[in-house]
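Here is a structure to work through by question and answer. Please keep it open while you read.

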Amino acid sequence: MNDQSFFDLAMKVIARHATNEERANLNALLAQEPELRAEFERLETDARVAKDALSLITACTASTAEFPAYARELLQTAVRQTLGRPESVAKEPHRSLAWGWRRGLGLAGATVVLLVAVSVVHYKRERVQELAVKQEATPNDPAGHEPVLTASGRLLAPNGPGLLTEEAFKQAAAQNLPVIQLAIFDLGGDARRAEKNEVTTLEETWKGIPIQNLSNVSELQAWRWPNEVGQLEARIVYAPGVREVWLFGRFQGRVFQKTFPLDRDLATTLQQVKAFIQEPTKR
Amino acid sequence: MNLPDLAALKTGDASAWDEAFAWLWPTVFAVAKLKLEPYLPNEVQDVAIESIEQLVEKVTEVKSVEELRPLAASIAHHRAVSLLRERFAKKRGEGKTGSLDAQTQGGVIQNEPPSSDSPLEDLEQAELAQRLGKSLAELKPPMGEILSDFFLQGLRYEEIANKRGVAVGSVGVYLKRGLEAMRRIWLREENS
């Protein structure tokens with residue numbers, strides 16, 4: 001039997017395509033020639049590795065899945081934060097980054113936009129990430145923590161000084177009825193959007209409070225807290241794209257953030273949020 | 001689809017990245033799905049998006065645009081495997097593993113992923129990307145397709161011959177050469 005015939009027979013057996021007779025033939029060959037047994041074992045290893053590797057190799061040439069539109073802005077934000085912007089495009093800076101830079105530079109208006117356009121190409125990744133994750137303090141954002149999302153639309157946990165712990169938030173809520181604001185964070189595109197009954201559920205959970213509609217990260221970041229110093233504030237944002245409800249709290253200049261996943265449905269999750277905010281006051 | 005312009009990608013050009021997202025998406029999605037669909041199907045899209053996000057950070061290290069897809073695949077593979085390990089380690093830590101039989105909860109299979117002795121699991125991300133790139137370069141048509149037909153689709157020699165329009169005798173020859181190429185690329189260290 002030549003090499004190719006042995007290979008073909010071995011492949012049939014390894015792939016379980018062989019008949020009983022072919023298996024018996026192979027077993028007889030392996031019993032007679034130990035070097036063929038070693039070769040067969042090597043082919044078995046090769047086949048196992050090939051199967052694993054081919055799955056990834058095939059994935060490298062895949063072309064059918066369509067890029068979800070909702071991910072575009074999230075990833076473009078990652079590109080801007082990581083690589084900055086080319087000079088030709090930088091003349092019209094993206095709103096979300098412009099906000100951060102404007103605050104960071106401590107200037108306002110068109111002068112700042114021009115400065116951003118000039119300096120944006122010099123921004124290094126570390127600096128931009130620092131701005132994204134740890135915003136600088138401003139009168140509107142004394143703690144320096146605005147919502148930051150990952151590329152997949154999840155809320156990034158805030159860090160740095162000025163954070164309010166869950167316990168401190170609850171203590172504040174036990175003594176102060178929070179001022180509540182509501183919003184739906186609807187990215188549009190292919191992302192799951194809020195259904196009509198979900199909007200109604202949100203309206204009915206906190207009656208009489210208007211619901212803001214936010215359609216991108218910039219709007220979420222640009223949404224200003226009311227200037228009521230010392231007042232406990234709770235901002236509840238429903239993000240249907242990632243099936244989460246985000247609670248943002250602010251008290252005496254410190255911020256708090258908590259994510260409530262939609263394990264069952266929106267109504268149940270909103271009741272959890274409501275209980276979280278109101279529970280301490282019931283004691 | 002045209003290949004994205006690597007120089008433009010490195011400068012953060014938005015339109016070049018739009019092209020790259022559409023071009024890379026099928027790869028990262030396919031890898032994430034391959035690994036996660038049986039255990040964590042709700043995480044497939046997130047892992048795919050996060051893989052492209054991570055790729056953005058690495059684009060400046062890439063020398064040719066052809067390297068991007070293997071790199072994206074290796075990132076997605078590592079993220080998916082890490083996520084599986086993390087989730088199931090957490091479950092074990094909480095003492096919730098219970099029976100190894102499949103348990104369905106909310107339409108998701110909750111059983112443990114089988115432990116893999118595949119050499120791919122131990123490869124560093126860069127090494128995996130390099131070997132994927134090499135495989136793509138070496139497995140010229142129809143060799144790669146025939147290997148996939150046999151090892152992934154489970155087709156017999158005759159079925160492959162019909163599908164690819166080659167002689168039945170040639171199928172085995174392509175398979176033998178393809179498997180030898182794979183051995184050189186993927187089992188290099190074990191053989192040396």
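Q: What share of the 283 residues of chain A counts as buried?
A: This is a predicted model, in which local features need pLDDT of at least 70, side-chain atom pairs count only at pLDDT 80 or more, and totals for chains, interfaces and linings use all residues. Residues are numbered from 1 along each chain as its sequence is written, and chains are lettered from A and ligands numbered from 1 in the order in which they are written. A residue is buried if 20 or more other C-beta atoms, placed from the backbone, lie within 10 Å of its own; 12 or fewer make it exposed, and anything in between partly exposed. For chain A the buried share is 32%.

Q: How many helices and strands does chain A have?
A: Both are DSSP runs numbered from the N terminus: helices are H or I with at least four residues, strands are E with at least two. The secondary structure of chain A comes to eleven helices and five strands.

Q: Among contacts in chain A between residues at least 6 apart in sequence, what percentage joins residues at least 24 apart?
A: Two residues are in contact if their C-beta atoms, placed from the backbone, lie within 7 Å. For chain A, the percentage is 65%.

Q: Is helix 4 of chain A largely enclosed or open?
A: Helix 4 covers residues 70-83 of chain A. Its buried residues include Tyr70(A), Glu73(A), Arg80(A) and Leu83(A). Twelve of its 14 residues are buried, so helix 4 of chain A is largely enclosed by the rest of the structure.

Q: Which residue takes a positive phi just after helix 4 of chain A?
A: The phi is about 70°. The residue is Gly84(A).

Q: Why does Ala48(B) count as buried?
A: Ala48(B) lies in helix 3 of chain B. Leaving aside neighbours within four places in sequence, Ala48(B) is in contact with Trp25(B), Val28(B), Phe29(B), Ala32(B) and Ala76(B). It counts as buried because its C-beta neighbours inside 10 Å number 30.

Q: How many C-beta neighbours does Leu202(A) have inside 10 Å?
A: Leu202(A) sits in helix 9 (residues 196-205) of chain A. Beyond four places in sequence, Leu202(A) is in contact with Leu182(A), Ile211(A), Tyr238(A) and Leu270(A). Leu202(A) counts as buried, because its neighbour count is 21.

Q: Which helix gives the most to the side of chain B that touches chain A?
A: Here 51 residues of chain B are in contact with 43 residues of chain A. Twelve residues of that side of chain B come from helix 2.

Q: How many charged residues are on the side of chain B that touches chain A?
A: Ala, Val, Leu, Ile, Met, Phe, Trp, Tyr, Cys and Pro count as nonpolar, Asp, Glu, Lys and Arg as charged, and the others, Gly among them, as polar. That side has 30 nonpolar and eleven polar residues. The charged ones number ten.

Q: How are helix 3 of chain A and helix 2 of chain B oriented to each other?
A: Axes are lines fitted to C-alpha atoms, for helices over the stretch in contact, and angles run from 0 to 180 degrees between N-to-C directions. Angles under 35 degrees count as roughly parallel, over 145 as roughly antiparallel, 65 to 115 as roughly perpendicular and the rest as oblique. This pair packs at about 150°, with axes 7 Å apart. Helix 3 of chain A and helix 2 of chain B are therefore roughly antiparallel.

Q: How are helix 3 of chain A and helix 5 of chain B oriented to each other?
A: Their angle is about 75°, and their axes are 10 Å apart. Among the residues making the contact are Leu56(A), Ile57(A), Leu132(B) and Leu136(B). Helix 3 of chain A and helix 5 of chain B are therefore roughly perpendicular.

Definitions and conventions. The expected span of a helix is 1.5 Å times one less than its number of residues.
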